[in-house]
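These are my notebook entries on a structure that I went through one place at a time. I wrote down what I looked up and what I found.

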Amino acid sequence: MPRTARMSSDQRHLIRAAPSPAEGFVSVMATVRDMRLHIRQRVDPGSTTPAWLLLHGLAVSHRYLMPTAAALPGSVFVPDLPGFGLSGKPDDVLTTEQHAEVVADWMVASGLSGVNVLGNSFGCQVAVELAVRHPELVASLVLVGPTADPAAPTAGALLRRWLRDLLREDPHQIPMILTDFRDAGPRRIWRTLGHSVDHRIECRIPLVDAPILVLRGQYDPIAPASWTTHAASLATAGTSADVPGAAHNAVTTAGATVAGYGRAHTALPADDHRMSLDHGTPTAQARRLAERVLHDWNMTDRTEEVLLVTTELVQNVAKHTADGGELRLRRQDDSILIEVTDSDPQLPQLKRTPPTVAGGRGLLLVAATARQWGSRPVRWAGRAGKIVWAEIARRLPN
């Protein structure tokens with residue numbers, strides 16, 4: 001079995017520090033809906049970048065998120081959800097939706113909005129629900145090892161995957177996990193697991209307007225690559241990646257790497273937007289991304305042309321490949337560049353289809369609409385593939 005990522009001794013100290021100050025983080029308490037909420041936070045009053053909000057997974061707490069929190073820039077807030085960690089223990093076990101509403105109420109009371117939200121495991125479900133219900137509060141999402149994979153739709157299936165994951169995790173996490181289990185209690189853990197299974201995250205991701213990065217540890221059996229790639233493809237603007245050497249708790253054992261992915265995701269240039277595609281990605285999702293990007297660029301006068309070309313190129317991914325690819329929209333000085341990457345190395349050829357033959361005219365439409373178009377070979381998902389691109393001329397001021 002390959003050796004997986006490990007925490008440093010400084011990181012092990014950091015996860016045990018609360019409520020004492022450590023590495024700029026302090027503990028504060030807030031009352032939300034008559035519940036006591038513990039927040040581990042580092043406030044940087046001089047920061048000009050959006051704050052970070054980190055949401056923990058099932059049965060654990062802020063503790064295991066601290067290696068990632070410490071590696072993020074600016075102000076960082078890591079609350080314990082009600083019933084977990086150092087937060088109060090309400091009699092009721094909150095649903096995914098109720099957790100999201102508690103977080104939203106605390107954010108509003110704290111004057112936080114437009115933040116970058118990073119969740120792990122069940123925290124991904126709370127993060128997605130927060131973004132759907134309160135889009136003004138969320139600038140971007142980073143989902144690390146999201147539950148619950150539709151291929152493991154029961155509590156028993158998730159538990160079996162969790163037991164396999166334990167074999168991959170750094171054993172130094174065990175004292176922290178046992179402390180978190182004690183704080184939450186078996187009843188709350190079991191019922192929250194049921195709420196996690198009941199929450200259909202795959203139905204909620206397409207409703208999120210903010211860009212989404214989906215990460216998984218390289219050896220994570222709880223969130224396999226097939227699921228995280230699909231989850232990213234459901235987003236209006238989604239990408240996915242693996243964290244090398246990590247298992248499900250990548251936020252603990254590979255915190256600096258996770259934070260690096262998060263910083264790169266939130267720093268995506270405003271002139272460059274990407275969306276992961278899988279074999280079944282509806283063209284409507286790609287069209288929604290294009291419409292949103294054109295609106296942000298104040299270039300809606302080119303909507304018809306961009307949507308036509310985007311639709312044709314994205315449809316080709318489903319027609320000619322067995323897996324996925326990527327849509328990229330880039331604003332250039334005098335044009336809008338549309339690129340679609342896929343895993344089929346065969347470069348397209350423009351063919352004149354007889355009028356009596358149905359279909360086969362997609363590239364003719366692209367060629368007639370675009371200022372210029374073309375294709376080139378690339379490596380995609382570890383094998384030969386291609387990029388098909390088209391440029392739509394901008395209408396420049398006279």
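The entries below begin with the model itself, go on to one serine, and end with salt bridges.

**Entry 1, the model.** I noted that this is a predicted model, in which local features need pLDDT of at least 70 and side-chain atom pairs count only at pLDDT 80 or more, while totals for chains, interfaces and linings use all residues. Residues are numbered from 1 along each chain as its sequence is written, and side-chain values use heavy atoms, with hydrogens and water left out.

I looked up where serine 87 sits, and found it in the loop between strand 4 (76-79) and helix 3 (96-110); helices (H or I, at least four residues) and strands (E, at least two) are DSSP runs numbered from the N terminus. Serine 87 has 2% relative accessibility and therefore counts as buried, a word that stands for under 20% relative accessible area, with exposed meaning over 50% and partly exposed in between (1.4 Å probe, protein chains only).

I then asked which residues serine 87 touches, leaving out those up to four places away in sequence. They are Arg36, Leu37, His38, Asp80, Leu81 and Pro82, where contact means heavy atoms within 4.5 Å. For leucine 37, which is 50 residues from serine 87 along the chain, I noted a C-alpha separation of 4.6 Å. The side chain of serine 87 also reaches the backbone oxygen of aspartate 80, at 2.6 Å.

I searched the whole structure and found 19 salt bridges, each being a side-chain nitrogen of Lys or Arg within 4 Å of a carboxyl oxygen of Asp or Glu.

I looked at aspartate 149 and arginine 161, whose closest N and O atoms are 2.9 Å apart in a salt bridge. Aspartate 149 lies in the loop between strand 6 (138-144) and helix 5 (155-166) and arginine 161 in helix 5, so the pair ties together parts that are 12 residues apart in sequence. Aspartate 149 is buried at 5% relative accessibility, and arginine 161 is buried at 13%.

I next took glutamate 391 and arginine 371, a salt bridge with its closest N and O atoms 2.8 Å apart. This pair links distant parts of the chain, 20 residues apart, with glutamate 391 in strand 13 (residues 383-393) and arginine 371 in the loop between helix 14 (362-369) and strand 12 (372-380). Glutamate 391 counts as buried at 11% relative accessibility, whereas arginine 371, at 40%, counts as partly exposed.

Last, I noted a network of salt bridges that links Arg33, Glu101, Asp105, Glu129, Arg133 and Arg204.

Terms used
A polar contact is a pair of N or O atoms within 3.5 Å; within protein, one must be able to donate a hydrogen and the other to accept it, and residues adjacent in sequence count only if both atoms are side-chain atoms.
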